[in-house]
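Student: I am new to this structure and would like to understand the words used for it. Could we go through them together?

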Amino acid sequence: MLNTLRSELTKALTLRSIQATLLAAVLVPPLLAFFSGLAFDPTRTAAGGFPLESHGFETAGFGQPIIILFAALVVGTEYLDAQVRTTLTATPSRTRIIGAKILVTALLSSLAAALSTTGAVLLKHAALGDHGLNLDQFTTSMAWNLLGVIINYTLLGLIAASATLIMRNYIATIVLLVPMVLGLTISLVGAIPVLKFLPDLAGIQLLTAYPGVGLLEPIPGAFVMTAWALGLGTIGWRLFHARDVGTN
């Protein structure tokens, strides 16, 4: 298993498309947070309208489509030109292949979340100057919020990886999931409340608070996202074992 994991990690970190995607996932939220901090006008912000502790976390949502792209590439690139056949020849155990891809996706998604969110919070408060928090003023709730972003990115990555495994096409995963995290479902949840149980909305408050929209609270949302990840992962694992039987 360690050799398979090392192989999958090497593939993920040496493919230029995945390298660029990971770099974007780490850099985009902090850069957006920094420029948002520079543009911040305290005279236009209602008192108590946006908690000071939430600054920096509001850009985490911009990393979600990048994480979806990353996870889809980790699983989906091998379906181009039937490269998955080479992988199955080298490692006949499909369970080990799937396990390694899932671990790589989870590991790198969580690492991207930790780096990008920490950078976003630090840069946002630095840009806010006197209106921001110093390091010694950071609170426990901010640490919990950071953990929430890590959980959200990790589960979203696993959901995207599983969807790609099911459809065997990373483009299909991007077309399906990216519009959801870009606001398609949250714009409809007021009229269709059941949408809050979709994977993109279930755990959205792990990123930052969305009061008054009728979404799940962070902990129940995390459980719903986990259920999606487990359900889609199980389907993907079964299909991966059942299809392309001639490639072993």
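Tutor: Gladly! Helices here are DSSP runs (H or I, at least four residues), numbered from the N terminus. This is a predicted model, where local features need pLDDT of at least 70, side-chain atom pairs count only at pLDDT 80 or more, and totals for chains, interfaces and linings use all residues. Residues are numbered from 1 along each chain as its sequence is written, and side-chain values use heavy atoms, with hydrogens and water left out.

Student: What span should helix α7 have, and how far apart are its end C-alpha atoms?

Tutor: Helix α7 (residues 170-184) has 15 residues, so at 1.5 Å a residue it should span 21 Å; its end C-alpha atoms are 20 Å apart, which agrees.

Student: Where in α7 is there a kink?

Tutor: At Leu 177, shortly before the proline Pro 179, with a kink of about 25°. The bend at a residue is the angle between axes fitted to the seven residues ending there and the seven starting there.

Student: Why is Lys 124 called buried?

Tutor: Buried means under 20% relative accessible area, exposed over 50%, and partly exposed in between (1.4 Å probe, protein chains only). Lys 124 has 2% relative accessibility, so it counts as buried. Lys 124 sits in helix α5, and beyond residues up to four places away in sequence it touches Ala 33, Ser 36, Gly 37, His 55, Gly 56 and Glu 58. Contact means heavy atoms within 4.5 Å.

Student: And why is Leu 22 buried?

Tutor: Its relative accessible area is 13%, so Leu 22 is buried. This leucine belongs to helix α2 (residues 16-39). Leaving aside residues up to four places away in sequence, Leu 22 touches Leu 13, Phe 70, Leu 108 and Ala 112.

Student: Which residues of α7 are buried, and what covers them?

Tutor: They are Tyr 170, Thr 173, Leu 177, Val 178, Met 180 and Val 181. The cover includes α3 (64-76), α6 and α8 (199-202).

Student: At what angle do α6 and α7 pack?

Tutor: About 140°, with their axes 8 Å apart. Axes are lines fitted to C-alpha atoms, for helices over the stretch in contact, and angles run from 0 to 180 degrees between N-to-C directions. Among the residues that meet are Leu 156 and Ile 159 in α6, and Leu 176 and Val 181 in α7.

Notes. Helix = DSSP H or I, 4+ residues; strand = E, 2+ residues; numbered from the N terminus. Expected span 1.5 Å × (residues − 1).
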